[in-house]
Structure formats: structure tokens, C-alpha cells
Amino acid sequence: MRNPWNTRSIVPVLLVALAVAAPAHAGKLSWLDDVVRQVVRETETGGKTAVKGTGRLFVHEADEGLETLVKRSDDLARVARRADEPAEAALRTRFTRLIRHDPEMARTFAHLAPAEQRLVVEMGETAQRLARRYPGQAEPMIRALGTEGLSAVRVYGDDVAEVLVKEGSESVNVLRKSGRGGWSFYTGTVLTHKKKLAAAGVLALFLANPDQFVDTAGQATRYAVEQFARAGIQLAGAVGSGASKGLESALGQTLVSYGINSAMARKAGMIGAALVAILATLVILGIPVAWLFRPLTWPLRLVRRRAVRATP
């Protein structure tokens with residue numbers, strides 16, 4: 001019996017069907033990968049023709065389209081108030097400066113949407129800056145950063161790149177939700193006590209919601225003081241009311257652990273802690289501690305002077 005299906009005619013049809021079914025953004029992302037790699041290689045080799053390497057740079061974004069990456073990049077730019085909409089002619093000029101003598105890439109770039117063109121140019125320019133600042137290390141850094149990390153570097157500067165690479169993609173959330181103020185608190189305070197905060201579960205809370213720990217001025221909130229106190233860390237320079245609440249909470253937990261659960265005991269502990277802090281400040285400043293007790297001892301001094309005068 002003759003086979004009704006013609007194998008030779010089916011194969012091309014299947015190939016066409018697979019090509020149509022494959023997401024179009026996968027090709028765009030692969031092309032963006034090639035663009036960034038070529039920019040890095042040309043920058044590191046002084047403008048010579050780059051040789052294509054193996055392995056993808058943007059592995060984690062394999063299932064996402066350029067339109068999704070554009071939205072994430074714009075969200076970061078809006079937080080930092082650095083969103084811009086350059087003209088298409090300006091984008092073409094900037095792309096030509098990045099990729100020279102490659103008509104095929106230029107044609108692909110011309111068929112992208114304006115927002116996608118802007119993303120490609122921004123990714124390329126940021127990769128170029130990293131290649132100049134970290135020669136020989138740019139590719140592994142970009143692979144660790146991903147497109148969102150590259151967007152953060154573009155918006156907030158090259159100095160955030162090393163921390164993002166070392167701490168992972170979760171740290172991008174600090175910039176996204178709290179901006180530069182939260183980032184300074186993260187690098188200057190959170191990472192200093194990283195092990196203690198991680199053991200107490202506070203580090204995960206901070207990475208998930210950094211805006212609860214830092215206000216718009218970059219100061220630690222009352223919530224931050226309380227959470228850091230759980231890990232046995234007292235925040236310096238925190239808001240007075242928040243610091244006192246956090247200290248009271250920490251003292252309360254300590255007293256409860258010893259079987260003491262009294263409001264009076266907590267207040268007495270707060271007064272004692274405040275007195276110790278004042279004495280420590282006097283010692284640091286070189287002021288005699290006796291000056292602190294002068295208002296309390298003046299009646300005794302007055303009685304002593306009268307007794308001396310009355311003595312023949």
C-alpha cells in the first residue's frame with residue numbers, strides 16, 4: 001500500500017511551522033547578546049574586529065522579550081529620574097559608533113521598535129564602559145549582571161557594578177525600591193553586618209522590602225532599628241524615637257530570656273543604658289566624668305564648706 005504522506009514535502013512544512021512557533025523575541029535577544037559581546041571585544045582589542053565567543057551572556061533572560069527588558073530598564077530610570085526618549089536618528093548614530101563596519105547588524109537594528117533600539121544602545125554603551133574600566137573582566141561581569149543589572153549600572157553609575165556582581169541579582173531590588181539612599185545604607189550598614197543579619201533573617205527582609213528600612217532621605221526607620229536590634233546590632237545615627245524603641249525592644253527580649261517581664265524593669269534598663277552611653281561619650285570627648293554629677297553633689301559641697309569655716 002502506498003504511503004499517503006510524502007516525507008519530502010512534510011519536512012519543509014515542519015521546519016516552517018517550528019520557525020513560526022519559535023518566539024520572535026528569542027532571536028532578538030540572541031542578536032542583542034552578539035551586539036554586546038562584539039562591543040566588549042572591540043573595546044578591549046582597541047577597535048579591531050572581534051571574534052565571536054561561545055556561550056551566551058544573557059542566559060537568565062532567555063524566555064523574555066526585549067519589550068519586557070525595556071519596561072524593567074525604564075522602571076529603574078524612573079526611580080532615579082533619568083528617563084529619556086532620544087530621537088531615532090540619534091539612536092542610529094550612537095549604534096553606529098558602537099558597531100562599526102557591520103551592515104548586517106545595522107539592518108537588524110533598523111527594524112527594531114524605537115524602545116527596543118534605545119535598550120540595545122544603552123546595553124551596548126554600558127558594556128563599553130565596563131570593558132574600559134574592567135579590561136578582561138567585562139564579559140563575566142555582564143553575564144552575572146544580566147540586562148537588569150546592566151540597566152542599574154547605566155542609571156546609577158559604574159561604581160555599583162562590583163557590588164551587584166558580588167551580591168547577586170537580588171541587590172538590584174535595593175536600587176529599584178529605595179534608590180541611592182537605600183543603596184548607601186545597604187553598602188555601608190547592611191553588608192557590614194551581613195552575617196549577623198542573615199542569621200537573624202533580617203537580611204532577607206531588607207532585600208525584599210528595603211524601602212521599609214530606609215526613608216526617602218536615606219535615614220534608618222524605626223522598623224530598621226527594631227529589626228537590627230533583633231540581630232543584636234544598634235544602628236548609629238538613627239532617628240531618636242526609633243532608636244529608643246529599638247533599644248527598649250532589645251532590652252525587653254533580654255529580660256524576658258532571664259524570666260523578667262516587667263515594664264518598670266525595662267524602663268530601669270533603658271535609664272541604665274542611657275547613663276552608660278553618656279559616660280562613654282564624656283570619656284571619648286575627654287570631659288571629666290565628675291562634671292556629670294556636679295548638679296547632684298552641690299548640697300554636700302555646701303555643707304562641707306560651712307563645716308570647714310565653723311572649725312577653729
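Guide: The protein chain holds 15 helices and 0 strands. This is a predicted model, and 34% of the 312 residues of the protein chain count as buried.

Visitor: What is the accessible surface of the protein chain, and what share of it belongs to carbon and sulfur atoms?

Guide: The accessible surface comes to about 18,800 Å². Carbon and sulfur atoms account for 59% of that area. As for contacts between residues at least 6 apart in sequence, 57% join residues at least 24 apart.

Visitor: Which residues touch the most other members of the largest nonpolar core?

Guide: That core has 59 residues, and those touching the most other members are Val-36, Phe-95, Ile-142, Phe-185, Phe-206 and Phe-228. Helix α7, residues 138-156, contributes the largest share of this core, with 9 residues. In soluble globular proteins, nonpolar side chains tend to be buried together.

Visitor: What is Phe-185 in contact with, leaving aside its neighbours within four places in sequence?

Guide: Phe-185 is in contact with Val-190, Phe-206, Phe-213, Val-214, Ala-220, Phe-228 and Leu-235. Two of these, Phe-206 and Phe-228, are also named among the core residues that touch the most other members.

Visitor: Which residues of helix α12 are buried?

Guide: In helix α12, residues 222-230, the buried residues are Ala-224, Val-225, Gln-227, Phe-228 and Ala-229. Just after α12, Gly-232 takes a positive phi of about 80°.

Visitor: Why is Leu-145 called buried?

Guide: Buried means under 20% relative accessible area. Leu-145 has 7% relative accessibility and therefore counts as buried. Leu-145 lies in helix α7. Not counting residues up to four places away in sequence, Leu-145 touches Leu-130, Leu-150, Val-153, Ala-161, Leu-164 and Val-165. The C-alpha atoms of Leu-145 and Val-165 are separated by 5.9 Å, with the two residues 20 apart along the chain.

Visitor: What makes Ser-151 count as buried?

Guide: The limit is again 20% relative accessible area. Ser-151 stands at 2% relative accessibility, so it counts as buried. Ser-151 is found in helix α7. Ser-151 and Glu-122 are 29 residues apart in sequence, and their C-alpha atoms are 7.7 Å apart in space.

Visitor: Why does Glu-125 count as partly exposed?

Guide: Partly exposed covers values between the buried limit of 20% and the exposed limit of 50%. Glu-125 has 24% relative accessibility and therefore counts as partly exposed. The place of Glu-125 is in helix α6, residues 114-133. Glu-125 touches Arg-94 and Leu-98, not counting residues up to four places away in sequence. Its C-alpha atom is separated by 9.8 Å from that of Leu-150, 25 residues apart along the chain.

Visitor: What makes α7 and α9 roughly parallel to each other?

Guide: α7 and helix α9, residues 172-190, pack at an angle of about 30°, with their axes 10 Å apart. Angles under 35 degrees count as roughly parallel, so α7 and α9 are described as roughly parallel to each other. Glu-148, Gly-149, Ala-152 and Tyr-156 of α7 make the contact with Val-172, Leu-175, Arg-176, Gly-179 and Arg-180 of α9. α7 passes α9 in a left-handed crossing.

Methods
Residues numbered from 1 in each chain as written. Predicted model: local features only at pLDDT ≥ 70, side-chain atom pairs only at ≥ 80, totals over all residues. Heavy atoms only, no water. Helix = DSSP H or I, 4+ residues; strand = E, 2+ residues; numbered from the N terminus. Buried < 20%, exposed > 50% of the residue type's maximum accessible area, 1.4 Å probe, protein only. Contact = heavy atoms within 4.5 Å. Areas by Shrake-Rupley, 256 points an atom, 1.4 Å probe, with all protein chains shown as cover. Core = buried A, V, L, I, M, F, W, Y, C linked by side-chain atoms within 4.5 Å. Axes fitted to C-alpha atoms, helices over the stretch in contact; angles between N-to-C directions. Parallel < 35°, antiparallel > 145°, perpendicular 65-115°, else oblique. Left-handed = near helix turned anticlockwise from the far one by under 90°.
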